[in-house]
Amino acid sequence: MDDVCGLPSGGSVPIAARALPPEGAPPGLPPRVVVTEPAAELIRELVGRHGPVMFHQSGGCCDGSAPMCYPDGEFRVGQRDVLVGEVDLGATQVRVWISGTQFETWKHTQLVLDAIPGRGSGFSLENPTGKRFLSRARMFDAAEQEALAAFPPRTGADLEE
């Protein structure tokens, strides 16, 4: 996998972190989620202010389609929500969830969590920072899709509570 994420404008953004591989996965298994350097910086800033955070990517309309950042545990994960990955950012691990129906639509893509200047809306923690999180995607090739099929992601129903 590349160390940069290509942008529609032709530029690129450095990848700062990748989701940890599932237990028992081979080292070459592509991560279902990666975090760009701008997103990692913003996450670290938010963790410094609010403590541990989590993300949920829904399939809603408007800003409901944006990745939403919450204090860890504040958003109640549903049984059908899918854990796209756990990203290790050094001092903190961040879980990235997606709604089950949205995962079915996006399962052939790698979620690229990015941050850009601007202001989103809704309840996401980054609202007052002048930056907003943005989802990008990279399509998995056929071999990557086959490899990932052997390691299905966990769902909210798998959580211990």
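How many aromatic pairs does a search of the whole structure find? It finds two, and we'll get to know both.

## Before we start

This is a predicted model, where local features need pLDDT of at least 70, side-chain atom pairs count only at pLDDT 80 or more, and totals for chains, interfaces and linings use all residues. Residues are numbered from 1 along each chain as its sequence is written, and side-chain values use heavy atoms, with hydrogens and water left out.

## The two ring pairs

Rings of Phe, Tyr and Trp (its six-membered ring) pair if their centres lie within 6.5 Å; planes under 30 degrees apart are stacked, over 60 edge-to-face, and the rest tilted. Phe-55 and Phe-133 make an edge-to-face pair, with 4.8 Å from centre to centre and 90 degrees between the planes. Phe-55 sits in strand S4 (residues 53-57) and Phe-133 in strand S9 (residues 131-139), 78 residues apart. Strands here are DSSP runs (E, at least two residues), numbered from the N terminus.

Now for Tyr-70 and Phe-75: their ring centres are 5.2 Å apart and their planes are at 25 degrees, so this pair is stacked. Tyr-70 is buried, with a relative accessible area of 11%, while Phe-75 is partly exposed at 24%. (Buried means under 20% relative accessible area, exposed over 50%, partly exposed in between, using a 1.4 Å probe and protein chains only.)

## A four-stranded sheet

S4 also belongs to an open sheet of four strands, in the order S5-S4-S7-S6, with mixed pairing. Two strands pair if DSSP finds at least two bridges between them. S6 and S7 (residues 93-98) run antiparallel and are joined by six bridges; Gly-85 has Val-96 in S7 as its bridge partner.
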